[in-house]
Amino acid sequence: MQRTPEPEPLQLDPAECQALLDRHAPLFAGIKAGARIGLLPEENFDSTAAAMLVWEATEQGMVAAYRRFPGFDAVEVDLLFIPDHETLRRLHDPANPLPFADLKRKVRRRETLLYVVKPRAGLLDLGYEEFLDSLGLTFMGACR
Amino acid sequence: MTDGNGEQPLSHLFEPVTWAGFDVKNRVKYGACCVSNYNTRDGFVTERELARTKVIAATGCGIITNQGAYPDPLGEGKGYLGQIALFDDKFIPQFEKVAGYIHDGGAVAVQQILHAGRYGGIDLGYCLQPSVVPQTLPHFRPPREITKEQIRETIRLHAEAAKRAIKAGFDGTELTSFMGYLLANFNSRFTNRRTDEYGGSTANRGRFMRELIEAVKEATGDKHPLVVRLNGAELMDRWGGNDEDECFELMQQAAQCGVDMISVTVGWQEAPESSIGRDVPPGHWNRLAARAKKLMPDMPIAFGVRLPSPIMADQCLAEGQFDFWEVCRPLLADPELIRKAAQARLDEVRRCVGSLNCLSRMFRDLPYTCTMNPALGHEVEPNYRLTPATRRKRIMIIGAGPAGMECAIAATKRGHHVVVFDRESRIGGSLLGYAAHDLAHKDDLMSVAEHYRVMAAKLGFEVRLGTEVNAKMMRGILRQFDAAVIAAGARPDLMALPAPEPGVSFFSAPDVALGKVKPGRRTIVLGGGKVGLTLAESLRTSGTDVVVVERERRLAGDVMPTWKWRHTAWIEELNIPTMTDCRVVRIAGEGVTVIDGKGRETVLAADTVIAASPERGNQELFTELEWSIDELYGCGDALVPRGLTQAIRDGYRLGCWL
């Protein structure tokens, strides 16, 4: 039986990732258990064994873990951010007072791409409304 | 021919030309920029649509493109709930009517075939794409990869739909890759990651387009021209989409396949930059049309992206940047634009202000309407028409803002004698203050007030500025008027705030916006709606330290959906601190005390406090005037504070009815 290759490690300490979620728990308060947000570093985007960071909502709060990115066909996240390493580093920097404002700004400017993997209705059911609204995604692009 | 001010000839715009064997009366092409969403869920044209089509047919354009019809019975190509269909002969009779109306208006009729691809499958649980690449916006269907068999079938369905359009009487057809539809999905590296002959190189990615063009040409014959709309810039290259060179290479492929016109467009729905909003300067993208023309001098080029001015279009035509001015949104705002340009009445034109109300509604699956044209979409309804008044009345209108002026214009056109009163010294009401502080493109909103000034002069109704209307004044003019309309706008609801303590510089947002008072260097704006945010952004730009306090959980609650992100971005870019879910409990000399949703108290130091929202209507004036006039009405923000779109609609509707 062929073994799945181990994901390449990100440069982030898992404890730092969890600490970020714990520090900003209120931001995810409306998101329901089972929801998952993926962060795939831009530099790893085309790698067949790319590792992505996954934030999963549980009854106890958001939990950070690494998963292999299996491609768009099979990825099991609701939203998939494609930040560069620097954005990821700043996001997890404990000295950054507004890490998510930084990320949102980059999404709005499309410096960080965000794939919407689940349909809108599914996202609303999972409690993403306020999160999506704050990103200003709906009215970006050609028809602005 | 002049522009309306007797200055600039528009001879190029109105020059008759021959295109693909058709005599075209001018160089204006009505672009199928928007699906109206007026039609039935199963693709049939409604009476509402036909009435609207008559208005489009009468615009005076040389070529008119009817909105895109989806070509497949499953609806994989359907991108809008009310989109028309052309996958069966049963639809032909209605298309015959549409083509007939266009021909009655003296235009060449073109039918667009629109398969929305990545944005399609609106009634299904999926959409079709060359490869599975999720969308980056939240209102579309999950993607499925289109098989080779489905590619062949999709091409066949396009060709059959085009053939039906010709059978219905259309002169030509159009394919579109605008915004990220199926054709664009194949052309772009961003969404086409196939490894077969339809993916990879530009030549392979363009294969679907070439086969599509060839199939449609074969189905419709040489006498019926084919237009293809292609991106001059996708604006997706940051994320692996086509760069401009690839876009132009694809255009050349289309030209070599024998298309009869290329319409150059800009941007994808998912692109990182604006392309048509009012934060983009008019003429910004003209270079793309010029590049296409230079590259393919024998190919007719149509263009109109963020090019709303007939004068600029005429100049571009004179310089040979393109061959046809492709225009849509400016004609939604003023269907008489072309006629006014031809009759030297451009100063009377209602400009498209780029509010994108039309698209805000589209993305809510609603029929499109227009901020500047309140009759748009209501052409079928008699009560939206300006018919002669059955009894000529003397009408006083209180307020020279958009609601009052719209009412005045409509009522005057119907034969009433109208006088407008306003306590300020200029026409425009609160819009003037809002426009003066708009960080986007002030001229667009300012043009609304200028339009009213011009129309008052041309229609000959009196506007008495610097005149306050109150009970005493009304006693002095008793029975001089039959009806009064209160259109005096809204004001901040000071009762919703604690009374400012003595010594506080406490101003209302309208007074600051109109320049009546000058705030200090440390200002707190109470209210994070459109008025408060616009003012805060402008003050911050001029060096003032501003904090915005909002009682709701989110900012920009009253801002049009297409513009919310813009305020959010400006607030962040200008580094303006905001506090949401906060209640103001004290306004004192040292600043403002607020309590947040968790009960925490904060004192915000300031030398000036500006009250922007909540707003309230003008109940006092209604009460004051009720017994001094025969008929008393209200419209716009004076009734319920909302905004420009609603003010214009209210004023117009009342003017139609009085």
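**Domains and cores**

Analyst: This is a predicted model. Between domain 1 of chain B and domain 2 of chain B there are eight residue pairs in polar contact, both residues at pLDDT 80 or more.

User: What kinds of residues are on the side of domain 1 of chain B that touches domain 2 of chain B?
Analyst: That side has seven charged residues, four nonpolar and one polar.

User: And how many salt bridges are there between domain 1 of chain B and domain 2 of chain B?
Analyst: Six. In one salt bridge, the side chains of B:Arg350 and B:Glu406 meet at 2.8 Å, N to O.

User: How much area is buried between domain 1 of chain B and domain 2 of chain B?
Analyst: About 1200 Å², with carbon and sulfur atoms giving 46% of it. On the domain 1 side of chain B, the trio B:Arg278, B:Arg350 and B:Arg351 supplies 49% of the area buried against domain 2 of chain B, more than any other three residues.

User: Switching topic: how many residues does the largest nonpolar core have?
Analyst: The count is 164 residues, and those with the most contacts inside the core are A:Leu80, A:Tyr115, B:Ile262 and B:Trp325. Domain 1 and domain 2 of chain B both give residues to this core, so it lies between them.

User: Which residues is B:Ile262 in contact with, leaving aside neighbours within four places in sequence?
Analyst: Among them are B:Val228, B:Met251, B:Met296, B:Met299 and B:Pro300.

Note on methods
Residues numbered from 1 in each chain as written. Chains lettered and ligands numbered in written order. Predicted model: local features only at pLDDT ≥ 70, side-chain atom pairs only at ≥ 80, totals over all residues. Heavy atoms only, no water. Buried area = accessible area lost by both parts, 1.4 Å probe. Salt bridge = Lys/Arg side-chain N within 4 Å of Asp/Glu carboxyl O. Polar contact = N/O pair within 3.5 Å; in protein donor to acceptor, adjacent residues only side chain to side chain. Nonpolar A, V, L, I, M, F, W, Y, C, P; charged D, E, K, R; others polar. Core = buried A, V, L, I, M, F, W, Y, C linked by side-chain atoms within 4.5 Å. Buried < 20%, exposed > 50% of the residue type's maximum accessible area, 1.4 Å probe, protein only. Domains from an automatic or database assignment. Contact = heavy atoms within 4.5 Å.
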